[in-house]
Structure formats: structure tokens, C-alpha cells
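Thank you all for coming; I would like to take a few minutes to walk through one model with you. Please have the sequence and the structure open while I talk.

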Amino acid sequence: MARCVRAGIPSGEINFATFVPKNGWQVHVGSFEISDIFVAYRRQFPVIMGPPMSSKPPRRVIPITVEPPSSLSASQRAAVLAACTRLKSLPGALLPIFHAVQEALGHVPKDAVPLIAQALNLSRAEVHGVLSFYHYFRKEPPGRHVVHVCRAEACQAVGAVELEAHAKKTLGIEWHGSTPDGAITLEPVYCLGNCSLGPSLMVDDTLQGRVSPKRFDQLMAQLKEPAVGGT
Ligand code: FES
């Protein structure tokens, strides 16, 4: 059996220049192109190839979400930006800004969140997380009047629990809800600083003490009366 003892590879071809049979005679066989050898090798040892590799990377589909336009009016947007500009340098500025926006607009609109996040260099998720944690901050506009009923201990000891149940029943709403006519929003509060005169509540900015269910009904009837001027 012959064996190869020398192989030169000049410029793409292999010269099987010399074979040495068992009898010691040298036999020149000839030359082959490298491609011929490769084809022959492939025939003898077929290889299962994967799909051909492309020089271009596969296309990535990047989802693009088109945000709906902000629901803020020009004046609401100005109020939010003014609160941010005025308070953003405070340590822990987020809550003061929420208070300022709610004071100006009656609630903190959801579309205020991106503006506040940008002003404080926070993510929207961070701002939304804090906003949704505190029930004090309303997400929807309140009724024309906001009634805060005290739920703290001193008032509870003198009838605030009964007053709370009566308020919910007669108005037909739960905490943070508004009556269907938009007249009254009911909110809980924990001490109004009027503990010796409980049960206490606050109608808009007016503090009321010793509020019985009957007195509550009288106050609510006044709030539902149309104001002079048509509001
Ligand atoms: S506990 Fe109600 S006012 Fe203080």
C-alpha cells in the first residue's frame, strides 16, 4: 500500500509528487486542485450542514407604542409645570408637588405623571407608585364640595363610627366617592384638631363639631342646594 511522503501546496493545488510503494520505487502521481480534493472528501464524508450563515444579522422587531395625546388642558399643564419648577429643588419633592397640584386642580391627573417624572428625573413608574399609594391624592376631579369625616380615636369614642355609616348610607357612596350629581365627595381624615368637640368633620374649608346624623343631613342639604348664580 502506498503512502504519501511529501506534499507541496503551491498556490491552491496539491502536488502528490512522490509515492513510495513497498518495493522502494518512487512514483510521481501528479497534481490536484485543492477544490477537487475537497469535493472528493465531501463525497466520502458527507456533512449535514445547517442553514447557510447570512452576513446580515436577523432583523429585530422593535415595538413602538404611540402614546395618546395628553388630556391636560393648557392651564392644567401650566399648573403642573409651575408646581414642579417651584418645588423640585426640595428634598423629597414628590409629595409637595402632589399637594400643590391637587390644591391647584382639585386632583392629580394621570397625565401629570410624565411631567412630574421628567422634572424630578424619576421614572413614570416611580411617580405613579407613590401617587397610587396615598389615597389622599385624588385621581379624578372631586365633587363641588368635599366633606372630610374624622375617623380618629377621640371622635370614634363619641359617635364618629355611627356618623360614618350614616354618611355613606344617606349619600350612597363610599370613601373617595362622589354623589352622582357631582355635589359631594366623601373623604376620611384622621384628626382635624377638634377632638374635644367630636364627632368632627370639615365641609370644604369649614370645620364642624358635635355633628350628629341629623346635623349631618342638614349640612348636606345645604350643599345640594344650587348656589346663587347657577353653580
Ligand atoms: S380625633 Fe377627631 S378631631 Fe381629633
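I will begin with confidence, then go through a sheet, a loop residue and a pair of helices.

What you are looking at is a predicted model, and the mean pLDDT of the protein chain is 83, with 74% of its residues reaching 70 or more. Over residues 1-11, however, pLDDT stays under 50, and for that stretch the model has 15 contacts beyond four places in sequence. Where pLDDT is low, the predicted coordinates should not be read in detail.

Let me turn to the sheet, which is open, has four strands in the order β5-β4-β6-β7, and shows mixed pairing. At its edges stand β5 and β7, the latter covering residues 206-208, and each has a single partner strand, so that one side of each is left without a neighbour in the sheet. On average, and with direction ignored, neighbouring strands here are turned by 25° against each other.

If we look at the pairings of β4, we find that β4 and β5 run parallel and are joined by six bridges, whereas β4, residues 145-150, pairs with β6, residues 201-203, in the antiparallel sense over three bridges. For Val147, the bridge partner in β6 is Val203. Helix α7 lies across β4 and β5, and runs at about 150° to β4.

Staying with α7, we can follow the chain into the loop between α7 (160-171) and β5 (184-189), where Asp181 is found. Is Asp181 buried or exposed? Asp181 is exposed, because 9 other C-beta atoms lie within 10 Å of its own, and the cut-off for an exposed residue is 12 or fewer. The C-alpha atoms of Asp181 and Arg144 are separated by 9.5 Å, although these two residues are 37 residues apart along the chain.

Finally, I would like to show you two helices, α2 (residues 74-87) and α4 (residues 112-120), which pack at an angle of about 25° with their axes 10 Å apart. That angle makes α2 roughly parallel to α4, because angles under 35 degrees count as roughly parallel. On the α2 side, the contact is made by Val80, Leu81 and Cys84, and on the α4 side by Ala112, Leu115, Ile116 and Ala119. As for handedness, α2 passes α4 in a right-handed crossing.

Note on methods:
Residues numbered from 1 in each chain as written. Predicted model: local features only at pLDDT ≥ 70, side-chain atom pairs only at ≥ 80, totals over all residues. pLDDT = per-residue confidence, 0-100. Contact = placed C-beta atoms within 7 Å. Buried ≥ 20, exposed ≤ 12 C-beta atoms within 10 Å, placed from the backbone. Pairing = 2+ DSSP bridges. Axes fitted to C-alpha atoms, helices over the stretch in contact; angles between N-to-C directions. Parallel < 35°, antiparallel > 145°, perpendicular 65-115°, else oblique. Left-handed = near helix turned anticlockwise from the far one by under 90°.
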